[in-house]
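Below are some numbered remarks for a colleague who wishes to read the coordinates alongside the text. They begin with a single loop residue and then widen to the fold and to the pairing of the chains.

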Protein chains: 2
Amino acid sequence: MTSLDVLGIGNAIVDTISRTDDDLLINAGLIKGAMALVGEARADELYELMGPTTIISGGSAANTMAGLASLGAKAEFVGKVKDDDAGREFTHDIRKAGVAFDTPAADDGAATARCLIFVTPDGQRTMNTFLGACQALQPEDIDEERVAAAKVLYMEGYLWDPPGAKQAFLRAAKVAHTNGRKVALTLSDSFCVGRYREEFISLIRDGVIDILFANESELHALYETADFDTALAALRAEKNLLGVVTRSEKGCVVATGESVIAAPAFPVEEVIDTTGAGDLFAAGFLAGYTKGLPHEKSAALGALAAAEIISHVGARPQKDLLQLARDNGVLL
Amino acid sequence: MTSLDVLGIGNAIVDTISRTDDDLLINAGLIKGAMALVGEARADELYELMGPTTIISGGSAANTMAGLASLGAKAEFVGKVKDDDAGREFTHDIRKAGVAFDTPAADDGAATARCLIFVTPDGQRTMNTFLGACQALQPEDIDEERVAAAKVLYMEGYLWDPPGAKQAFLRAAKVAHTNGRKVALTLSDSFCVGRYREEFISLIRDGVIDILFANESELHALYETADFDTALAALRAEKNLLGVVTRSEKGCVVATGESVIAAPAFPVEEVIDTTGAGDLFAAGFLAGYTKGLPHEKSAALGALAAAEIISHVGARPQKDLLQLARDNGVLL
């Protein structure tokens, strides 16, 4: 059994992306920058409002695993697709990105998950997810040996939405800790935090989570404050937690009870589509972390990967990130 | 019945695009820059060789109609999809691009056509088309009133591949001429010319075609010469034909028996993906032509539209071409 750097569990989603103006978001009742869960009827309605689309595999943790592989790390993804066109595309794309993916596809039930993403001229993305087959992920889909083989188990907060996935998450976390591995969680979205705030706080305080990824608004939602310093202090008060907070163009903060490190963002010529910015930041950070690099270096890798992803449409890297890191002197 | 600027008939295709290196093309036995027809088994085999993909609606004449609509022209497309996921995507995308599209989808039979496109680092595209539902296009799919309503009937040479489509093409051409309209043909691909050279020559000499679009290699294939001036002279010897020949970065030549006009290419910062360059050139040229602009102006519009399309992945415009033409002083 080969060892892994990171095993990620998440919703297996194919993104349908379209450029739009802000008016459409308002008229459609969409909350700009957020991820909303939608049923099939609402998904069809929103699709009708979209302009011409580009279809690219996505899914938060899946994007992170693709980023890790592009940075030369060994990554595996666990998530549920259906055996349909979109499911086959997702499977093809993640494997071809160099990520191991062996979760059996569902033969029946709901279609492979789709995320309808509206990208406004400022590059901001507004997401509408039809979870579909993701609802079928079960604890049995977790291979304990693979979890035990991974330095870090990485999970997205969005997993709290489909009920079986949450159980899979908890089982995997237990296996990871039994084997002396680290467990990382990304809070995913401030509305997702709103839905599951108390459970996420419990996970942190019960020691289920060792590394927490969040952006500013997610951190504010978690600690119910609009003040960054207050939220950061609350984060630092959590015992044995490594907190990694992204702040868009202000860079990021890597915080523990003992120390706080601020690291800059990587310059971007033009922000085209912010989808996947957090996912790819996590990929870069974890690539450094699993190599044993200092946090400053890991943060720089995260910033570089995030900068690449927001410079084009879609949340999967278009460049060889390891080469990009070398070209920019972030890695030797 | 509203009048139309251009009615285009073509293969209704969804593109699956992936970046690759030249070695893969050689190992897979692909002819760089060409369009090859593939069966389902070969398509599956090639898909397995592709890296992660981006899926965007395509189809040569369909791309041209999308470009025309983006330039403010009234365009309609005729082509056959199946009522499957890809067919619904194609239908959504072309309508949302502002193009009328009402050809009934096939309920059964082969799946919606797919084109597997390998894009090398130089931006060149190598295409492999599974024609699928395009084979089901029939003369009955031509609405004579719509053909009669269009200033120009535009058809792709690729239509010669599915047998029913060729009959649809001939029927539409007859209707157009009966109504005093112009008929335009693009030669599509030098290998396509190789397959149907004598038929294409007959179409031109029998007066079925009024406007011919070709790139250099297609023109060379048509007149069986490797010398551009020889080919151009042969083109100019055709009676009552307006010939529009694209020459990549060398711009284009608009030729009749009486005159030859050379027009420059539009500068491009970086060539990302040449898919659709010819399609969008034709769109720009026809936008000018149907407005009654001088050929120089039409050629400039073609060059502008082609420049936009090769600066990103996919063969459908990402910018408002009318605005782009105004911003660049090509249109007022």
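1. The place of A:N240 is in the loop between α9 (228-237) and β12 (242-246) of chain A, where helices (H or I, at least four residues) and strands (E, at least two) are DSSP runs numbered from the N terminus. Although A:N240 is not a glycine, its phi is positive, at about 55 degrees. A:N240 is exposed, because 10 other C-beta atoms lie within 10 Å; on this scale a residue is buried if 20 or more other C-beta atoms lie within 10 Å of its own, exposed if 12 or fewer, and partly exposed in between, with C-beta atoms placed from the backbone.

2. On provenance, this is a predicted model, in which local features need pLDDT of at least 70 and side-chain atom pairs count only at pLDDT 80 or more, while totals for chains, interfaces and linings use all residues. Residues are numbered from 1 along each chain as its sequence is written, and chains are lettered from A and ligands numbered from 1 in the order in which they are written. The mean pLDDT of chain A is 96, and 100% of its residues reach 70 or more, pLDDT being the predictor's confidence in each residue, from 0 to 100. The model scores ipTM 0.93 and pTM 0.95.

3. A:S248 is found in the loop between β12 and β13 (252-255) of chain A, and its phi is near 50 degrees, a positive value in a residue other than glycine. With 15 C-beta neighbours inside 10 Å, A:S248 counts as partly exposed.

4. As to overall dimensions, chain A has 12 helices and 14 strands, and its C-alpha atoms fill a box of roughly 50 × 40 × 40 Å, taken along the principal axes. For 332 residues a compact globule would have a radius of gyration near 20 Å, and the 18 Å of chain A agrees with this; the radius is taken over C-alpha atoms, and the globule rule is 2.2 Å times the number of residues to the power 0.38. Buried residues make up 56% of the 332 residues in chain A. Of the contacts in chain A with a separation of 6 or more, 76% are between residues 24 or more positions apart, a contact being a pair whose C-beta atoms, placed from the backbone, lie within 7 Å.

5. Chain A contains an open sheet of 9 strands with mixed pairing, in the order β6-β5-β1-β9-β10-β11-β12-β13-β14, where two strands pair if DSSP finds at least two bridges between them. At the edges stand β6 (100-101) and β14 (260-263) of chain A, each with a single partner strand, so one side of each is left without a neighbour in the sheet.

6. Within that sheet, β1(A) pairs with strand β5 (residues 75-78) of chain A in the parallel sense over 4 bridges. A:G8 lies in strand β1 (residues 4-9) of chain A and stands opposite A:F77 in β5(A). A:G8 counts as buried because it has 33 C-beta neighbours inside 10 Å. Leaving aside residues up to four places away in sequence, A:G8 touches A:A61, A:T64, A:M65, A:A75, A:F77 and A:Y154.

7. In chain B, strand β12 (residues 242-246) is joined to β13(B) by 4 bridges, and the two run antiparallel, with B:T246 opposite B:C252 in β13(B). These two strands form a hairpin with 5 residues between them, and B:S248 in the turn has a positive phi of about 55 degrees. From β13 (residues 252-255) of chain B, B:C252 and B:V254 point one way and B:V253 and B:A255 the other, and all are buried.

8. Finally, chain B can be laid on chain A with an RMSD of 0.0 Å by a turn of 180 degrees and a shift of 0.0 Å along the axis, superposing by least squares on the C-alpha atoms of residues with pLDDT of at least 70 in both. The two copies are thus related as by a two-fold rotation axis. In chain B, the C-alpha nearest the axis is that of B:I55, 2.4 Å from it. The contact takes 16 residues from chain B and 16 residues from chain A.

Definitions and conventions:
Two residues are in contact if their C-beta atoms, placed from the backbone, lie within 7 Å.
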